[in-house]
Amino acid sequence: MSTQWHVLGAGSLGSLWATRLARAGLPVRLILRDPARLAAYEAAGGLTLVEQGHHHFFSIPAQTVDAQEPIERLLVACKAYDAEAAIARLAPRLTANAEIILLQNGLGSQDAVATKVPRARCISASSTEGAFRDADWRVVFAGHGYTWLGDASDPTPPPWLDELVASGIPHQWTPDILTRLWRKLALNCAINPLTVLHDCTNGGLQAHHCEVATLCAELTDLLNCCGQPAAAQDLHSEVERVIQATSANYSSMYQDVANGRRTEISYLLGHACEVAARHGCSMPHMNQLQTRLIRHLQARGLPTL
Ligand code: NAD
Ligand code: KPL
């Protein structure tokens, strides 16, 4: 019998994973915040996946964080700033051989989670898939992509990767997950804050290419300085390529700010500036960018952490 997949967070990515696992006939349980969210979910009866205009409904069982059922395999699909607290509440339910898959963008939250549950195996993920909710309990699969999975402390692949194949979740196991996470963090640092500050699409940054180039140079220094030379390779040209390829899109940080939502700043730009300071790596423009972004968030009454 397959091990139960517990999915914490029925947001965009959590719903995208849960519905595809359920569609493959795998046992899935959603973990919701509290009894009020559970009651709302039960009234809806399940999750809807919208894919290429088609709606598919899945009545996936759900429970709250406080349920008693032991957890052997947990997919953590909340935002980076919620991960540590969520795991702290679930820790008593984890079995001795528990595995935790962390879908959070950026860096910092993975280590915070691992410290809370030292006996569990923590697997990090970096995903280029795109999804958003257009209603409660309804997720739109907006961008096909890829998910890299890895465990920086153990290169052995977990036994359940074939379940991802069966679920049609494109993925690759990589021992170099830290390189992937740092590379994505650097891309996000070079693009996302500037789109917020210049109030533009990713393509709008073509009018600010000197600023982008300066940030890429500092990020390249940082990656080399903190032992991530592979993530530093040709960073500027990839940033330019992404800006062009996604020119009509608004970055995720832009969308968070535009919708009055908390950003993941501490796990992206904040993390980069913190690591640079720790390594004595000078990044004057990145630090200035962080100050500008924090002021911008403060002016809109949004959290700066
Ligand atoms: P989201 O806000 O849509 O969903 C997060 C969900 O977690 C929410 O429903 C929230 O209520 C829930 N949650 C938070 N704390 C909880 C708790 N303690 N117990 C139960 N539920 C809890 O976020 P998302 O867009 O799915 O993003 C999740 C992570 O994936 C982020 O780090 C994001 O950067 C990353 N990511 C998202 C996408 C995407 O397309 N949405 C793509 C790549 C990476
Ligand atoms: O990942 C992104 C985001 O918007 O968060 C891209 C499109 C790469 C821009 O940084």
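User: How many residues surround ligand 1?
Analyst: This is a predicted model, where local features need pLDDT of at least 70, side-chain atom pairs count only at pLDDT 80 or more, and totals for chains, interfaces and linings use all residues. Residues are numbered from 1 along each chain as its sequence is written, chains are lettered from A and ligands numbered from 1 in written order, and side-chain values use heavy atoms, leaving out hydrogens and water. A residue is near a molecule if one of its heavy atoms lies within 4 Å of it. The closest to ligand 1 are Ser12, Leu13, Asn105, Ala131 and Glu264, and the residues around this ligand number 25.

User: Which backbone atom of Ala131 lies 2.8 Å from an oxygen atom of ligand 1?
Analyst: We're looking at a polar contact here, meaning a pair of N or O atoms within 3.5 Å. Leu13 also has a polar backbone atom 2.8 Å from an oxygen of ligand 1. For Ala131, the backbone atom is an N or O.

User: Which helix gives the most to the shell around ligand 2?
Analyst: Helices here are DSSP runs (H or I, at least four residues), numbered from the N terminus. The shell around ligand 2 includes Lys184, Asn188 and Ile191. With 4 residues, the top contributor is helix α6 (residues 177-197).

User: How far is an N or O atom in the side chain of Ser252 from an oxygen atom of ligand 2?
Analyst: Asn188 puts a polar side-chain atom 3.0 Å from an oxygen of ligand 2. For Ser252, the distance is 2.5 Å.

Definitions and conventions: A polar contact is a pair of N or O atoms within 3.5 Å; within protein, one must be able to donate a hydrogen and the other to accept it, and residues adjacent in sequence count only if both atoms are side-chain atoms. Helices (H or I, at least four residues) and strands (E, at least two) are DSSP runs, numbered from the N terminus.
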